[in-house]
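I set out to record, entry by entry, what I looked up in this structure. The notes follow the order in which I consulted it.

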Amino acid sequence: GVYSGRHYNTDQKLYERFTEETGIRVKLLEAKDDALIERLSKEGDNSPADVLILADAARLDRAANQDLFQPIESQALLKAVPADLRDSNNRWFGLTRRLRAPMYNANAVKPIQVRSYISLADPSLKGQLCLRNRRSVYNQSLVAFMLDEQGEAATKAWIKGMVANLAQPVFSSDTPMIRAVAQGQCGVALANSYYLGRMQAGDKGDADRKLSQKVTVSWPDPVHVNITGGGVTRASRNPSAARRFLEFLSSNQAQSGYAAANHEYPLQGFAEDPAFPLGD
Ligand code: FE
């Protein structure tokens with residue numbers, strides 16, 4: 001059994017290929033990430049889940065701290081997943097990368113004003129900035145990244161400056177915020193790039209595809225990288241099949257399709273995305 005917080009049709013096709021190659025059947029249960037953590041924790045040893053896949057390293061870490069994973073011994077995973085994209089105790093491994101970056105309306109702000117995360121706190125952006133609420137795990141992970149990069153005092157000042165620049169009350173999801181940038185209600189927002197990718201590809205309809213053309217991504221250097229990833233559950237009765245499933249998803253043959261399904265990035269390289277200008 002696989003519990004997954006990802007829900008994209010192309011994932012299914014990849015899981016079918018895994019079954020064709022290995023003879024191992026995949027029984028998939030998809031739900032929201034936090035609901036899956038809660039469910040697995042309630043089910044305990046009786047859980048039918050062998051693999052838990054979640055969006056955001058903060059959630060994977062939470063699941064690990066609740067003892068929902070068992071360590072995996074796999075040379076293939078250690079090789080495929082860079083050290084900064086996996087748990088140091090091998091309880092979970094990243095499978096795709098996602099980036100959170102400023103997205104702006106070029107009619108409202110200049111590129112130089114939004115070239116770094118820190119620049120979003122500059123008073124020149126007063127009344128221009130849109131953000132997700134503080135409970136968003138994406139924001140929490142970005143703050144953790146900034147604490148690491150800048151230290152506590154600078155991070156506090158950064159958050160205070162950004163709050164002072166808010167154009168309107170905080171949003172509860174990324175897509176409406178990107179639409180607000182396109183429509184000029186926000187000059188700039190902080191969002192995950194795959195949400196814009198979905199709009200650009202027309203996944204969300206023609207109206208969103210047109211709106212997406214008014215939005216430009218500013219890639220800070222370094223950019224905040226997060227992951228979707230997975231691990232073998234503590235309760236798993238088929239841990240070696242579960243390990244093989246994760247090895248398959250991290251393999252070269254599966255990687256690009258798995259990431260592209262959600263307009264994310266594979267574990268290594270940006271070659272397939274001309275929109276990402278920083279290189280690897
Ligand atoms: Fe998301």
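**Helix contact**

I looked up the contact of helix α7 with helix α8: D174, T175, I178 and R179 in α7 meet Y195, L196 and M199 in α8. I note that the model is a predicted one.

I then turned to the geometry of the pair. Helix α7 spans residues 174-182 and helix α8 spans residues 193-200; they pack at an angle of about 65 degrees, with their axes 9 Å apart. Angles of 65 to 115 degrees count as roughly perpendicular, and α7 and α8 are therefore roughly perpendicular to each other. I recorded the crossing of α7 and α8 as right-handed.

**Strand β9**

I next asked which strands are joined to β9 by bridges. Strand β3 (residues 51-55) runs antiparallel to β9 and is joined to it by five bridges; within this pairing I found L52 opposite G231 of β9. Strand β4 (residues 69-70) is also antiparallel to β9, with two bridges between them, and here Q70 stands opposite V232 of β9. For strand β5 (residues 93-104) I noted seven bridges to β9, again in an antiparallel arrangement. In that pairing, F93 stands opposite G230 of β9.

Finally, I checked burial along strand β9, residues 224-233. Nine of its ten residues are buried, so β9 is largely enclosed by the rest of the structure. Buried here means under 20% relative accessible area.

Conventions:
Residues numbered from 1 in each chain as written. Predicted model: local features only at pLDDT ≥ 70, side-chain atom pairs only at ≥ 80, totals over all residues. Heavy atoms only, no water. Buried < 20%, exposed > 50% of the residue type's maximum accessible area, 1.4 Å probe, protein only. Helix = DSSP H or I, 4+ residues; strand = E, 2+ residues; numbered from the N terminus. Pairing = 2+ DSSP bridges. Axes fitted to C-alpha atoms, helices over the stretch in contact; angles between N-to-C directions. Parallel < 35°, antiparallel > 145°, perpendicular 65-115°, else oblique. Left-handed = near helix turned anticlockwise from the far one by under 90°. Contact = heavy atoms within 4.5 Å.
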